[in-house]
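Visitor: I would like to learn how to read a fold from its atoms. Where do we begin?

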Amino acid sequence: PVEVLAIVPARGGSKSIPRKNIQPFAGHPLLAYSIAAGLQARQVTRLIVSTDDEEIAKRAREYGAEVPFLRPLELAQDGTPDLPVFQHALGWLSEQQGYRPEIVVQLRPTAPVRPLDCVDRAVEMLLAASEADSVRGVVPAGQNPYKMWRLDRRGALEPLLRDGPPEAYNQPRQALPQTYWQTGHVDAVRSATILEKGSMSGNTILPLVLDLAYAVDIDTPRD
């Protein structure tokens with residue numbers, strides 16, 4: 001069988017909701033939903049939580065996750081991107097345990113509401129497409145970016161995108177290309193993409209299109 005490692009990244013510091021990853025959400029700590037999604041997926045062979053925080057590690061273990069290491073503090077800052085966190089996890093597991101998965105699945109705690117089969121579907125899509133570097137969960141975009149603007153140096157509006165129909169911002173929505181929004185529910189990535197290409201996505205990214213009803217991203221107490 002193919003080794004598929006699910007990683008739930010859950011650092012201790014969070015500004016918008018303090019201790020967000022272990023705040024109660026419908027009766028369980030927020031990260032418990034991502035742990036459950038990985039544990040119930042048939043294609044996932046191992047699940048770990050990457051955290052810098054002892055209390056988060058304890059709660060993660062209570063919900064069935066492995067926490068084989070504590071992440072270094074410098075990889076748990078507000079501005080830390082995903083890539084060094086995943087490079088660290090894969091490096092540690094390889095050096096300390098000789099463990100080298102073929103596929104890595106990212107399960108973000110901030111997207112707790114997932115279709116039951118979305119993790120398996122993402123892994124199966126990646127396994128079936130040898131040319132793909134990764135699979136990413138997306139939903140049809142609620143706002144079309146062809147009608148979005150930024151400000152130029154003079155403070156005037158300029159279109160965000162320029163590759164669509166002429167004056168796309170004046171076209172009816174139905175005439176514009178379909179666009180998608182990445183939700184954070186699931187990313188399935190080849191380990192080689194992370195370790196050899198130095199990327200969390202690579203160049204060829206396949207879409208796992210999810211129902212818009214699941215597009216819940218928890219960043220504020222209102223969410």
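Guide: Start with contact, which means heavy atoms within 4.5 Å. Helices (H or I, at least four residues) and strands (E, at least two) are DSSP runs, numbered from the N terminus. This is a predicted model: local features need pLDDT of at least 70, side-chain atom pairs count only at pLDDT 80 or more, and totals for chains, interfaces and linings use all residues. Residues are numbered from 1 along each chain as its sequence is written, and side-chain values use heavy atoms, with hydrogens and water left out.

Visitor: Which elements do the buried residues of helix 3 pack against?

Guide: Buried means under 20% relative accessible area, exposed over 50%, and partly exposed in between (1.4 Å probe, protein chains only). In helix 3, the buried residues are Val 85, Phe 86, His 88, Ala 89, Leu 90 and Leu 93. They pack against strand 1 (4–9), strand 4 (46–50), strand 5 (103–106) and helix 5 (191–195). Gly 98 follows helix 3, and its phi is positive, near 65 degrees.

Visitor: How many residues of strand 1 are buried?

Guide: First the general idea: in a regular strand the side chains alternate between the two faces of the sheet. Here, 6 of the 6 residues of strand 1 are buried, so strand 1 is largely enclosed by the rest of the structure. Val 4, Ala 6 and Val 8 cover one side, while Leu 5, Ile 7 and Pro 9 are on the other.

Visitor: Which strands are joined to strand 1?

Guide: Two strands pair if DSSP finds at least two bridges between them. Strand 1 runs parallel to strand 5, with 4 bridges, and parallel to strand 4, with 5 bridges. Ile 7 stands opposite Gln 106 in strand 5 and opposite Ile 48 in strand 4.

Visitor: How many salt bridges does a search of the whole structure find?

Guide: A salt bridge is a side-chain nitrogen of Lys or Arg within 4 Å of a carboxyl oxygen of Asp or Glu. The search finds 13. One of them joins Arg 136 and Asp 187, with the closest N and O atoms 3.6 Å apart. Arg 136 lies in strand 6 (residues 134–140) and Asp 187 in strand 9, so the pair ties together parts that are 51 residues apart in sequence.

Visitor: Are Arg 136 and Asp 187 buried or exposed?

Guide: Both are buried. Salt bridges that share partners join Arg 136 and Asp 187 with Asp 82 and Arg 108 into one network. The side chains of Asp 82 and Arg 108 meet at 3.0 Å, N to O.
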